[in-house]
Amino acid sequence: MLLAILWLQRNQSKHTVICLEVGKTKTSMNNMKTFQGSCHCNAVQFEIDTDLPELTTCDCSICIRKNALMVKVHESAMRILSGSDSLTTYQFHTHTAEHYFCKVCGIYPFHRKRVTPDHYGVNVFCLEGFDPSGVPVRATVGAGMK
C-alpha cells in the first residue's frame with residue numbers, strides 16, 4: 001500500500017488505475033468524487049471523476065461569451081454515457097481545442113483543452129447537484145494566447 005501511495009504522488013494521472021489495483025474506492029484517496037452531468041435536454045449524458053482542486057474561468061473570446069465556470073479533468077476521468085451522436089464541435093484560432101455543444105439544446109457541457117489536449121474543461125453547471133460554493137476559482141488568461 002505504501003509503495004502504491006508513493007507511486008501515486010508522482011503519477012497523478014494514474015490515480016484511478018492505482019486505486020483499483022490496491023482495492024480502494026475512488027473516494028478513499030484524495031477525495032475523488034464521481035459526478036453525473038448532462039446538457040439541458042438530457043440528450044448528452046456523461047460522468048466525471050474529480051477531487052475538485054479548483055474551478056477556472058477563462059477570458060478567451062468563446063469562454064467570456066458563454067460565461068463558463070469549469071473544472072479540469074483528465075480524459076481518463078471522463079466518460080460519455082449517452083448522446084455522443086448529439087454532440088457537435090466548434091473550433092477556432094489554432095483549431096486545437098474542441099468545444100462541444102448539444103445539437104438539440106445548444107448547451108456547452110465540456111471542451112477538450114488547447115494547452116493540455118488530454119484534459120477536458122467541464123461546465124460545472126451541467127453537473128447534477130453540484131454546488132460551486134467553497135471551491136477556489138482561478139481566472140485563466142486565454143485572450144493573450146497566441
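These legends walk through several close-up views of one predicted protein model.

Before you start, note that residues are numbered from 1 along each chain as its sequence is written, and that side-chain values use heavy atoms, with hydrogens and water left out. Because this is a predicted model, local features need pLDDT of at least 70 and side-chain atom pairs count only at pLDDT 80 or more, while totals for chains, interfaces and linings use all residues.

**View 1**
The protein chain has three helices and 10 strands. Here helices (H or I, at least four residues) and strands (E, at least two) are DSSP runs, numbered from the N terminus. If you follow the sequence along, the pattern reads α-α-β-β-β-α-β-β-β-β-β-β-β. Of the 146 residues in the protein chain, 38% are buried; buried means under 20% relative accessible area, exposed means over 50%, and partly exposed is in between (1.4 Å probe, protein chains only). The accessible surface comes to about 8400 Å², and carbon and sulfur atoms hold 53% of it. That area comes from the Shrake-Rupley method with a 1.4 Å probe; for residues, only the protein chains shown count as cover. Among the contacts with a separation of 6 or more, 50% are between residues 24 or more positions apart. A contact means heavy atoms within 4.5 Å.

The average pLDDT of the protein chain is 80, and 76% of the residues score at least 70. Over residues 1–28, the pLDDT is below 50, and this stretch has 28 contacts in the model beyond near neighbours in sequence. For the record, pLDDT is the predictor's confidence in each residue, from 0 to 100. Where pLDDT is low, the predicted coordinates should not be read in detail.

**View 1. The nonpolar cores.**
The largest nonpolar core has 23 residues, and Ile48 and Val122 have the most contacts inside it. The elements that each give two or more residues to this core are β2 (45–50), β4 (70–74), β7 (98–102) and β9 (119–123). A second, separate core has eight residues, including Cys60, Ile62, Met70 and Tyr108. A nonpolar core is a set of buried Ala, Val, Leu, Ile, Met, Phe, Trp, Tyr and Cys residues joined through side-chain atoms within 4.5 Å. Zoom in on Val122 and you'll find that it touches, among others, Phe46, Ile48, Val71, Pro109 and Leu127, not counting residues up to four places away in sequence.

**View 2. Strand β9, covered on both faces.**
Five of the five residues of β9 are buried, so the rest of the structure largely encloses this strand. On one side sit His119, Gly121 and Asn123, on the other Tyr120 and Val122, and all are buried. β8 and β9 form a hairpin with six residues between them. Two strands pair if DSSP finds at least two bridges between them.

**View 3. Strand β2 and its two partners.**
Five of the six residues of β2 are buried, so β2 too is largely enclosed by the rest of the structure. Strand β1 (residues 33–38) runs antiparallel to β2 and joins it through six bridges, with Ser38 partnered by Gln45. In the hairpin of β1 and β2, six residues lie between the strands, and Asn42 takes a positive phi near 70°. Four bridges join β2 to strand β5 (residues 78–82), again antiparallel; Phe46 has Ile80 as its bridge partner in β5.

**View 4. Two cysteines without a disulfide.**
A disulfide is a covalent bond between the sulfur atoms of two cysteines. Here the test is a pair of cysteine sulfur atoms within 2.5 Å, and a search of the whole structure finds zero disulfides. Cys39 is buried, at a relative accessible area of 3%, whereas Cys41 is partly exposed at 33%.

**View 5. Thr56 and its neighbours.**
Thr56 lies in strand β3 (residues 55–58). Thr56 counts as buried because its relative accessibility is 9%. Leaving out residues up to four places away in sequence, Thr56 touches Ala68, Leu69, Met70, Arg138 and Thr140.
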